[in-house]
Amino acid sequence: MSVICQICGDRGIVLKNEIAVPCSCVKQKRTDKIYRDSRLPKKLLGCTLDNFNFKYYANNCVDLEKGITYYELARLAFQAAKNFIADFQKDPNADGLLFTGQVGSGKTFLACCIANALLKTRQGLLFAVVPDLLDQIRFTYDPGRGPDELTESGILDTARRIPLLILDDLGAHNYTEWTRNRIYSIINYRLNHRLPVIVTTNIVLEDLEEYLGERTTSRLLEMCRPYRLLVDLDIRVIRRKERDLGNPAFPVGRSRS
Ligand SMILES: Nc1ncnc2c1ncn2[C@@H]1O[C@H](COP(=O)(O)OP(=O)(O)OP(=O)(O)O)[C@@H](O)[C@H]1O
Ligand SMILES: [Mg+2]
Ligand SMILES: [Zn+2]
């Protein structure tokens, strides 16, 4: 194996005033592992509270249900994310959060703000996109898979026990009894062990039960404080227009095809 660390020659320790101390590469390797294990896609590493832009949330549109503007809703959700980051570092059993809202309203962005802030402080977490997680579990039944591939219990165990689980896109998919049971077993374990979950979903609270079933919904609502993010226009569409405006090769309104 080739030597990587120029400081310690990959021994992991260096001498400081004639005392052996861990080399900086050991800390770096641990940090790298925490990031790798979190499964947070590289593309989402830039989602930070500092980069959260409030301009996408209109202050002239009112959420009739809550009687406050979209901008105020975003403020509340943002503050909840900020509080969670601080609370979780003091209390690993802090209450989780549930972000609801339309497509392209910043739910995943905000959940990733939490992930990125906590990864920086080297907290263990798992960012799981629900449909991918379910596919991964399904794949464990594939007869063609290799002996070194993850097992169903391995995947479920990680999702159950990780200090913080982010379930992204617990959306309006076609849940079967089988997928519902997997989700239930993760949520139920975490509730019993008071381990927080951050959830993003397109489903409005009133419809959660229809998709996830009564038992999972009831538990999620006990574990998570709900916040809504609303926009009058999908942020992806606005950002696409912003990019096109900044790129004279693709003036707005002109097809790229
Ligand atoms: N407040 C924000 N500030 C800056 N960029 C944002 C903000 N909210 C969202 N974005 C960007 O807009 C796009 C859509 O956001 P995001 O993926 O968070 O939406 P979503 O609500 O999770 O949508 P979906 O329901 O489709 O999963 C992403 O590229 C994201 O980086
Ligand atoms: Mg999303
Ligand atoms: Zn080293």
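How many residues surround ligand 1, and which are the closest? In this predicted model, the shell around ligand 1 consists of 17 residues. The closest of them are Asn53, Gly106, Lys107, Thr108 and Phe109. Two elements give two or more residues to this shell, namely helix 3, which spans residues 107–120, and helix 9, which spans residues 235–245. Sorted by class, the residues around ligand 1 comprise 8 polar, 5 nonpolar and 4 charged ones.

From the ligand, the description may turn to the sheet. This is an open sheet of 5 strands, arranged in the order 6-7-8-5-9 and paired in parallel. Strand 6 (125–129) and strand 9 (224–229) form the edges, as each pairs on one side only. On average, and with direction ignored, neighbouring strands of the sheet are turned by 15° against each other.

On the side of helix 2, the contact involves Ala77, Phe78, Ala81, Phe84, Ile85 and Phe88, which meet Leu110, Cys113, Ile114, Ala117 and Leu118 of helix 3. The contact of helix 2 with helix 3 has 11 nonpolar residues, with no polar and no charged ones.

A further pair is formed by helix 6 (residues 177–192) and helix 8 (residues 214–223), whose axes come within 9 Å and cross at roughly 35°. The crossing of helix 6 and helix 8 is left-handed. Helix 6 contributes Arg180, Ile183, Tyr184, Ile187, Asn188 and Leu191 to the contact, while helix 8 contributes Arg215, Thr216, Arg219, Leu220, Glu222 and Met223. By class, the residues joining helix 6 and helix 8 are 6 nonpolar, 4 charged and 2 polar.

Helix 8 has another packing partner in helix 7, which spans residues 205–212. Here the axes are 7 Å apart and the packing angle is about 140°. Helix 7 and helix 8 are therefore oblique to each other. Their contact is made by Leu208, Glu209 and Leu212 from helix 7, together with Glu214, Thr216 and Thr217 from helix 8. The residues of this contact divide into 2 nonpolar, 2 polar and 2 charged. Thr216 of helix 8 takes part in the contact with helix 6 and also in the contact with helix 7.

Note on methods: Residues are numbered from 1 along each chain as its sequence is written. Chains are lettered from A and ligands numbered from 1 in the order in which they are written. This is a predicted model: local features need pLDDT of at least 70, side-chain atom pairs count only at pLDDT 80 or more; totals for chains, interfaces and linings use all residues. A residue is near a molecule or strand if its C-beta atom, placed from the backbone, lies within 6 Å of it. Helices (H or I, at least four residues) and strands (E, at least two) are DSSP runs, numbered from the N terminus. Ala, Val, Leu, Ile, Met, Phe, Trp, Tyr, Cys and Pro count as nonpolar, Asp, Glu, Lys and Arg as charged, and the others, Gly among them, as polar. Two strands pair if DSSP finds at least two bridges between them. Axes are lines fitted to C-alpha atoms, for helices over the stretch in contact, and angles run from 0 to 180 degrees between N-to-C directions. Two residues are in contact if their C-beta atoms, placed from the backbone, lie within 7 Å. A crossing is left-handed if the near helix is turned anticlockwise from the far one by less than a right angle, and right-handed if clockwise. Angles under 35 degrees count as roughly parallel, over 145 as roughly antiparallel, 65 to 115 as roughly perpendicular and the rest as oblique.
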